[in-house]
Amino acid sequence: LKDAIDVSPELFICAAGNAAFGYSGKNIDIYPEYPASLTSDNIIGVAAVDQNDQLAFFSNYGPISVDLAAPGVYIVNTACANSGAPDPQCNYYYMSGTSMATPQVSGVAALIRSVNPQLTNIQIKNIIVKTVDVKASLAGKVKTSGRLNATRAIQVANATLYPPRANFTAIPVTGTVPLTVVFTTFQRMQQRGTGHSAMEVP
């Protein structure tokens, strides 16, 4: 399985898995759960959190194998109570599990691709894992210590496609022309009385 994933250009978003009914989740770095426990670069392992950003009691975890968490407790889903029956009783149900959390990460990956189709799958993964909301409750549980943040991920994907640009002119007061100007960190932009914008950098 790992060999097939490694040679694939696709991004695999994998549930960390759930504990057996009535038990707590396990550390899949120690007790592997495949394919989430595989070390392939194009895998995102996903745990589940509740509405308070607490790791769901049933969710597997792993600070090496599991990249991030996403909401996976009492998620509204469509399902059929009696699948295959003449009256399958399909409806909306509240469901919980890492299988509820994982599609949310998949959805964000799809949104990123829709915003910026030029991104590779590894770039999409990096955007997802680097834009999480870091939560103390997830420290030591998932690699990023964070929960999925769709808004930030989309903003970064959009900025990657349309990086900020600026034109400016300056009158050197010291040194010899031409001068090299290097912007390292943006601190603040404010309006001056002249109507021009001034940007302060360290």
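A salt bridge here is a side-chain nitrogen of Lys or Arg within 4 Å of a carboxyl oxygen of Asp or Glu. By that rule, a search of the whole structure turns up 7 salt bridges. Keep in mind that this is a predicted model. Below is a quick tour of the charged pairs, the nonpolar cores, one surface patch and a couple of loop residues.

**Salt bridges**

- Side chains of opposite charge can pair when their charged atoms come close.
- Take Asp53 and Arg147: their closest N and O atoms sit 2.8 Å apart in a salt bridge. Asp53 is in the loop between β2 and β3 while Arg147 belongs to strand β7, so this pair ties together parts that are 94 residues apart in sequence.
- Are these two partners buried or exposed? Asp53 counts as buried because its relative accessible area is 13%, under the 20% cut-off. Arg147 is buried too, at 15%.
- Asp53 and Arg147 also belong to a network of salt bridges that links them with Asp133, Lys135 and Arg152.
- Down at helix α1 (residues 2-7), Lys2 and Asp6 are 4 residues apart, which means about one helical turn separates them. Their side chains meet in a salt bridge at 2.7 Å, N to O. Asp6 is partly exposed, with a relative accessible area of 37%, and Lys2 is partly exposed as well, at 30%.
- Lys26 and Glu33 make a salt bridge through their side chains, at 3.1 Å from N to O. Lys26 is partly exposed at 31% relative accessibility, and Glu33 is partly exposed at 27%.

**Nonpolar cores**

- The largest nonpolar core has 23 residues, and the members that touch the most others are Ile44, Val46, Val105, Ile112 and Ile128.
- Which elements give two or more residues to this core? They are strands β2 (43-49) and β3 (68-71), plus helices α2 (98-115), α3 (121-130) and α4 (150-161). Helix α2 gives the most, with 5 residues.
- Zoom in on Val46. Leaving aside neighbours within four places in sequence, its contacts include Ile13, Cys14, Ala15 and Ala16. Val46 also reaches Val66, Leu68 and Ala70, as well as Thr98, Ala101, Thr102 and Val105.

**A nonpolar patch on the surface**

- Tyr74, Val76, Tyr92 and Tyr94 form a nonpolar surface patch, and together they have about 570 Å² of accessible area.
- Tyr74 sits in the loop between β3 and β4 (75-80). At 60% relative accessibility, Tyr74 counts as exposed, since the cut-off for that is over 50%.

**Loop residues to look at**

- Ser65 is in the loop between β2 and β3, yet Ser65 is buried, with a relative accessible area of 10%.
- What does the side chain of Ser65 make a polar contact with? Its partner is the side chain of Asp29, at 2.6 Å. Not counting residues up to four places away in sequence, Ser65 touches Asp29 along with Ile28, Ala36, Ser37 and Gly45.
- Ala139 lies in the loop between β6 (133-134) and β7 (146-147). Ala139 is partly exposed, with a relative accessible area of 48%.
- Ala139 and Pro63 are 76 residues apart in sequence, but their C-alpha atoms are 8.1 Å apart in space.

Conventions: Residues numbered from 1 in each chain as written. Predicted model: local features only at pLDDT ≥ 70, side-chain atom pairs only at ≥ 80, totals over all residues. Heavy atoms only, no water. Core = buried A, V, L, I, M, F, W, Y, C linked by side-chain atoms within 4.5 Å. Buried < 20%, exposed > 50% of the residue type's maximum accessible area, 1.4 Å probe, protein only. Contact = heavy atoms within 4.5 Å. Patch = residues over 30% accessible without salt bridge, like charges linked within 9 Å, V, L, I, M, F, W, Y side chains within 5 Å. Areas by Shrake-Rupley, 256 points an atom, 1.4 Å probe, with all protein chains shown as cover. Polar contact = N/O pair within 3.5 Å; in protein donor to acceptor, adjacent residues only side chain to side chain.
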